[in-house]
There are 2 protein chains.
Amino acid sequence: MRRSKADAEQTRLNILDAAERLFCTRGIAQTTLEQIAREAGATRGAFYWYFKDKSDVLSAIYQRYKSPQLCRIETAVAGELPEDPLEVLEVTGSEFLQMLETEPVQQRLHLILISGTPNDDAAKWRESKNAEIYRLLLRMMERARDEGILSDDLTPEEATIAQMVMINGLIGEWYRSGQAFSLHETGTKLLRHLSSSLRKKPAEGAEGTRT
Amino acid sequence: MRRSKADAEQTRLNILDAAERLFCTRGIAQTTLEQIAREAGATRGAFYWYFKDKSDVLSAIYQRYKSPQLCRIETAVAGELPEDPLEVLEVTGSEFLQMLETEPVQQRLHLILISGTPNDDAAKWRESKNAEIYRLLLRMMERARDEGILSDDLTPEEATIAQMVMINGLIGEWYRSGQAFSLHETGTKLLRHLSSSLRKKPAEGAEGTRT
DNA sequence: CTTTACAAACAAACGCGCATGTATGTAAAT
DNA sequence: ATTTACATACATGCGCGTTTGTTTGTAAAG
């Protein structure tokens, strides 16, 4: 049953999708290549045609993952527009959480991203990806400091860690609680709270009013 | 080589320690019973004498784990002493992070605790343990609200999630960054920041003295 | 105080299933 | 006709659970 070029590319994607789903539902180590192939409606022969082994398909999953929120922040970093950095982080973070809650695909990807044991195949990849996000957020926080809107009692580095802790921590807590709360609702509220706590308080008098 | 009662109990502990170490360094699924036995200076025969299988030793590891910070909070919850709830949470959290950074044993335990894939053997255990911690913290936050020191714009539930997100998120970020920052120093600072942001701001001008 | 009779505490060997990797077959596309 | 895109069959190894064997503590019997 030989397929055409287009169909062939489709089976490759099917395998990628299947692996993505199984990796997050049953875990990477517990997922067998046979399961991936059957989930993709193919056999292990097809798998080995496209991928070297399990870690190969894993890195393929990683590579096609580009978080939309990261793009948003990247453009905000690159852009000359005088956007409020703290508000950009708050909004993109909130959007990201909403997307995660509504789109299962993104859930799986991020779950694979933050899960896994230390020093396995993917640990180095995760570390570098994490560092990349850190540097991006840090540039935003530094910009916030330069614009004089970052609170004095936190360095940009600390504020960045606080932001990452909030996002990733929320997702982790959401999973550990068995989705017991609304990720987007609670997340938005806590992100707003964090954002305002990171913001330098103006002098006495007016307080709490947003722009 | 029959051992005496005391020696026998020691081998059991050796196996437990060995499993604990290997589970966090190489991951649970990637650790074989043979490795555990050899690390403990014994054979798989000894393992099967004391434990049913891998999940059995895992639950044994869980059972002998009682976080000191939890005890501290428990006594604070039970106690009638009018301690400042937010300060108790801040201090115990800070202490916990310090202990984690200095004592590798606690590191491993907590790493095993928050790692692992969803719906594996230990997932239910982790969920229930997490819920237990949540309820404890929630009682503290409710007490804070009742005493009128919790900020109005967050419910006790949200404040609890914020606290858990901060602690667990910090640890996760610490690991993902490859211990790139000081867990205790940064953690203490961010915990203090969070604590003060959770605290209700006193009214304008005069008044606002603490008890 | 011996001796006996177990039972505890393992070690070593065995067999099984299962995932992996490879090698081969094969029909359709080019 | 040759290559592509798989499916099928086969070989290998590895971890697991069980069984069996061996040594030693230890308690009761004599």
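1. Beginning with the stretch at residues 32–51 of chain A, its end C-alpha atoms lie 14 Å apart, and the span is 70% helix and 0% strand (helices, H or I of at least four residues, and strands, E of at least two, are DSSP runs numbered from the N terminus). An unreviewed UniProt entry places the feature "DNA-binding region" at these residues, 32–51 of chain A; UniProt positions are given in the numbering used here, with shortened feature names, and annotations may be inferred rather than shown by experiment.

2. Before going further, please note that this is a predicted model, in which local features need pLDDT of at least 70 and side-chain atom pairs count only at pLDDT 80 or more, whereas totals for chains, interfaces and linings use all residues. Residues are numbered from 1 along each chain as its sequence is written, and chains are lettered from A and ligands numbered from 1 in the order in which they are written.

3. The unreviewed UniProt entry also lists "domain: HTH tetR-type" at residues 9–69 of chain A. For residues 9–69 of chain A, the end C-alpha atoms are 28 Å apart, with 72% of the span in helix and 0% in strand.

4. Chain A is divided into domain 1 (5–63) and domain 2 (68–198), with bounds that come from an automatic or database domain assignment. Taken over C-alpha atoms, the centres of the two domains of chain A are separated by 29 Å. Ten residues of domain 1 of chain A are in contact with eight residues of domain 2 of chain A, contact being counted when the C-beta atoms of two residues, placed from the backbone, lie within 7 Å. On the side of domain 1 of chain A that touches domain 2, the elements giving two or more residues are helix 1 (5–26) and helix 4 (54–63) of chain A, and helix 4 of chain A gives the most, with five residues. That side of domain 1 of chain A has six nonpolar, two polar and two charged residues (Ala, Val, Leu, Ile, Met, Phe, Trp, Tyr, Cys and Pro count as nonpolar, Asp, Glu, Lys and Arg as charged, and the others, Gly among them, as polar).

5. In chain A, helix 6 (residues 85–102) and helix 10 (residues 183–198) pack at an angle of about 165°, with their axes 9 Å apart; axes are lines fitted to C-alpha atoms, for helices over the stretch in contact, and angles run from 0 to 180 degrees between N-to-C directions. Helix 6 and helix 10 of chain A are therefore roughly antiparallel to each other, where angles under 35 degrees count as roughly parallel, over 145 as roughly antiparallel, 65 to 115 as roughly perpendicular and the rest as oblique. Residues making this contact include Leu86(A), Leu89(A) and Gly93(A) of helix 6 and Leu183(A), Gly187(A) and Leu191(A) of helix 10 of chain A. By class, the contact of helix 6 with helix 10 of chain A has seven nonpolar, seven polar and three charged residues.

6. In chain B, helix 6 (residues 85–102) and helix 9 pack at an angle of about 15°, with their axes 11 Å apart, and these two helices of chain B are therefore roughly parallel to each other. Leu89(B), Gly93(B), Phe96(B), Leu97(B) and Leu100(B) of helix 6 meet Gln163(B), Ile167(B), Leu170(B) and Ile171(B) of helix 9, a contact with seven nonpolar, two polar and no charged residues.

7. Between the chains, 33 residues of chain B are in contact with 33 residues of chain A. Helix 9 of chain B gives the most to the side of chain B that touches chain A, with 13 residues. The axes of helix 9 (residues 156–176) of chain A and helix 9 of chain B come within 7 Å and cross at roughly 105°, which makes helix 9 of chain A roughly perpendicular to helix 9 of chain B. The contact of these two helices has ten nonpolar, six polar and two charged residues.
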